Amino acid sequence: MIPASLLFFLLLIGEPVFAGPPTSPEGFRVLDTPNDAGKSLSLAWKASPSDSKDRTVQVWAAKSPPAAFQKVAEFPSNTRYVKTGDFPWWVQPAGKGDHYVKLPSSQAFPIEDGKPYTVKLLTHEGTQDVWSEAAEGVSAPNYFNLVQVNNLVFVLAFTGVLLGSIAAARRNPHIYLRRIAGLDAVEEAIGRSTEMGRPILYLTGSGGMSDVSTIAATVILGQVAKKVAHYETTLKVPHRDPIVMAVCQEIVKEAYVEAGRPDAFKEDTNFFITDDQFSYTAAVDGIMLREKPAANFFMGSYFAESLLLTETGASTGAIQIAGTDSDHQLPFFVTTCDYTLIGEELYAASAYLSREPVLVGTLRGQDISKAFIMSVLVIGTALATAGVMLQTDAFNYALDLFRDFK
Amino acid sequence: MIFLKRQLPLAITFVMGVVFALQYYIPHPVSEEAITKVSDWMKIISGFALVLGIASVFHVHAVKIRRQAPGWGYSGVLFAAIVITMGVGFWSGGESKADGAQTAFGWLYDYTMVPLQGTMFSILAFFIASAAYRAFRARSPEASVLLVSAVVVMMGRVPLGQFLAPWTWDVTQWLLNVLNSAVRRAILIGVSMGSVGLSLKIILGKERSYLGGGKDQ
Amino acid sequence: MPEQLIPTSAVLGAWVATGLTLFIYSFLYKDNPLFKLGEHLYVGVSIGYSVVLVWYTVFFRLLWEPLKKGIAEHPAALGTYEPVIPALLGMLILTQFFPKVSWLSRIAFAFIVGFGSGVAIPRTVSSYILKQIEDTVTPLITMGANGLSMGLNLALPQSGINTIILLIGVVSVLFYFFFSVEHTGPGMVTARTGIYFLMIAFGAAFGYTVMSRMSLLIGRFRDLITFAGAEYGYATPVLLLVTVLSLAAWEFATRRKAGGK
Amino acid sequence: MKGALKDFARRMIAIDRRIIFLLIAAATLLPLLNPFGLPIKVSPEVKAVYDYMDALPERSVFLLSFDFDPSSKPELEPQAVALLRHAFRKNLRVIAMTHWITGTGLADGVVAQVAAETGKERGKDYVFLGWAPGGYALIISMGQDLYKAFPSDYSKTPTLGMPVLEGVRNLRDVNYMVSLAAGGAGIEMWYVFGKDKYRFEMAGGATGVIAPGLYPFLRSGQINGLIGGLQGAAEYETLIGRKGMAVAGMDAQSATHFVIIVLVVLCNVFYFTLRGDKGKPV
């Protein structure tokens, strides 16, 4: 059926009233592409049962007021439908099954923000062409990406859980924590170094100070340094990043003060070698071979240097304790070190060593959130399966909340 | 003074953290420009920090040379290497190529840094073999599983293994695609929870040891 | 290019590269003066290299040039002096040299750490939490031409059976990382499953990595073989002989010294 | 007799690791000097890259990012060479670049060499943009305006108006992208800051170490294919029917893998020989 407006339009431009097999797109509109940085328009129109691959749609656009229209895109009319999963249910620029085409600014047709553009569609089949009504739209950059609102909700909810469990841990700090073998060994390693009169080597990994794993490594260094201060053992911390070195310097100094031995602190505990990966490794291997530390700690993020360090350490007979979130290096730490803190155990380590309510509460909060994610995984899979069985999209209202939309 | 020493850094952390977390949700070009700019700033700051690093190197090795500690000659070699590289680098204007020809700086990089890097890296080939010999013993059920999956993948990855035991290829693919994906995904999720948790604590001022200890809660 | 004459600089380079390579490899035998020499040269060159690089790419390109250009074009605009901010923050880090005011460096640390933490949060949630959940939550069955079916083909990563295995793996490994739950009863079974998953994956990753490490060695050996040619003046065999002889001499000397004592 | 056996096992299990080093060196060197040529089997994830590239129409835009430095050259250079040979053979327009400043010279050399052997012209059929600072910020800026991110290419020719870049404004105009990555600044970064936003299809080429970690991204379709390590490169060389460095290196791979497997088996034999004794020795 041909809508009245279209008939009117066709009459206006003086085409024959007979519209033939190709029908003009229905409900055509031009809108600013939502949730973007601007310089882009979007087109939407209703699908037609007669869409086919032989019928093509051309997009013609011009600056308003329209002077010369320019062809900017062409595609078969049975493509560019909105499918389930293209948009979350809370942001639907076009209905499911409608046509939706994004028209980004391009060299051929630049789109500027704040200026109106007129767009019309040309439906073409065989020798017949049908123009749609022209529609106008203005592009603008947006201030909030609504599509990612689930991400923000997740962050806020996690913050809430974390603060809640920290508060709970302050009231009741005696939360059960399972054993982590690597951490029980920290004390043993320091003790052994003291007995043997050999130094302890502590590495903070390859990351800079803005890396979370480096921060975790420096927190653990503080705890280790405090124990070292008690035992009066030598601690050596070679660095690859001067900023991390400066931070560690402060942390170790503070640890000695807290342990009541500020006099035992040596300025050359932390030292810089170079910021280059393998020359640093060569130098640290050299230290291991020459000074034969009795305990080696590898905390933080690592790359290929991991095995070069741990194999050399193993050949000198040191106790080796590693902790890393670099999943690609975990197999090497696990096979060559005596103890390895796997993944998030690195972040948890400081809580174990200090037993402070804030840190213990964080662990609790993370566990609660992980339990939540686990149930999302299981229930989500069940819902997704049920959705296929029952042929319904109804479950997407729940599933969309845990999808990463861009 | 206490404010400047304690509260001000915490306030800066909070503001920076919140602003750049929210930046992600703002598609406006201004927000993208902001993150690009501040990323550049970070590079400039670390450029300055290199001075600290060099001072540390200088201190360590100057002490060795002054005391004529064992191996002090090598510290001299290190200084010489630094000075020569810097001299050549500045003389070449920091470019490794000029008018299509290699500069002295480029030569130094290609014939010292590159082979040294490659050699250090390739030592891993020897170490991975000795680590396998030491670690892959069927001491416990867990160790046995580790050992078997490693051997199967080692077979499946090379033509000779695929030739001798063709099934190892499919098993390798399955191990990598399914089991390995599962574990990586779980570690990724867990690590991410931990790192988001730590980041939040830092922004909210609950974790402040990076400012040098201090547990004043 | 076998017929072409190799430039002197390349031949000299080949000798230097080969020598350094062999010095570093001598570390596989044991710590020795040749390795120490190679190591210290390497560290020194890398520091020098970093300094030059930072000078040109950071100070010159990001700080000096934009400032110079800005002052020439818009001396009155506030934005022109924006690179001064990181420069000031960088200077604050240098207060570490003066213990009395070294606390000022905390301002810079706060800036760096705050930025890093803030940037990390939403991106981590997006790529490493939501995306990973999204990919794990998939229907176990598919709607095909002949009704509902569940893929049992292990070789297809997306089949139903593999989806279940993946789900079990993710959940059990996640459970293993629970810190505040005791691993007893059903919890123990789940955690044990998680450990087995971990061990299999670690083994597989180790096995997979062997290849790439061997590739590195192959790459190095290929260079050494190239440099062994006549056009490079037989650098490899000559230097290999020199290295081995020096090591033997050093070993002999140290043993005699030890024996003499 | 039994005692002697145990004694031998004890000695072997604590064998000097330098003997292992020697075995590995020999197993690498001998096949390199005298290759024996075993057949290569192609995996679906490498085939996916090949198929996508093969289906691209002529003059499509192919972006190759060399996100590695010379230390990963043995694995990633053969991949780059194979991909470039394929792209040039298909008459694609090649844009090459790098995120690793230390890899600039290497990347330039590889691109120039493959272009020369296929008779392609700089500026017309391909361009090497070189390195620019910024990491992910560079990708964002390329997504906005390629000419702002790279006003000139590596040989200081202005990029604007280059025939090879005709009609290319930003990353949205790229048809296919492959990041050859040795670590952090690579495939994941290109995905998160590039593909995700600017919607081009992409694949990854990775060192053997980081490849297993990229399988989740492959499964979820974040990358459409993955070339892993020297084996991946050898597979690609087989697909394009031009055997090169990777295929030759695979023989040495086979040999060293077998040395390690035999060592592991032996060490377990020794281990079990000893275990009868006193519960858990060694």
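View 1. With a relative accessibility of 19%, Lys227(A) counts as buried, where buried means under 20% relative accessible area, exposed over 50% and partly exposed in between, with a 1.4 Å probe and protein chains only. This is a predicted model, in which local features need pLDDT of at least 70 and side-chain atom pairs count only at pLDDT 80 or more, while totals for chains, interfaces and linings use all residues. Residues are numbered from 1 along each chain as its sequence is written, chains are lettered from A and ligands numbered from 1 in the order in which they are written, and side-chain values use heavy atoms, leaving out hydrogens and water. The side chain of Lys227(A) meets that of Glu187(A) in a salt bridge, 3.8 Å from N to O; the term stands for a side-chain nitrogen of Lys or Arg within 4 Å of a carboxyl oxygen of Asp or Glu. Because Lys227(A) lies in helix α4 (residues 212-231) of chain A and Glu187(A) in helix α3 (residues 181-196) of chain A, the pair ties together parts that are 40 residues apart in sequence. Helices (H or I, at least four residues) and strands (E, at least two) are DSSP runs, numbered from the N terminus. Glu187(A) has a relative accessible area of 39%, so this residue is partly exposed.

View 2. Glu258(A), at 39% relative accessibility, counts as partly exposed. Lys226(A) is partly exposed too, at 24%.

**View 3. A salt bridge inside one helix of chain C.** Asp223(C) and Arg220(C) form a salt bridge whose closest N and O atoms are 2.8 Å apart. Both residues belong to helix α6 (residues 186-227) of chain C, three residues apart, which is about one turn of the helix. Asp223(C) is partly exposed, since its relative accessible area is 24%, whereas Arg220(C) is buried at 7%.

**View 4. A salt-bridge network with members in chains A and C.** Asp400(A), Arg403(A), Lys131(C) and Glu134(C) are linked by salt bridges into a network. Over all chains, a search of the whole structure finds 36 salt bridges.

View 5. Which helix gives the most to the nonpolar patch? Helix α1 (residues 2-22) of chain B does, with five residues. Val18(B) is found in this helix and counts as partly exposed at 30% relative accessibility.

**View 6. Chain D, taken by itself.** Chain D has 11 helices and six strands, and its C-alpha trace spans about 85 × 35 × 30 Å along its principal axes. Of its 282 residues, 63% are buried.
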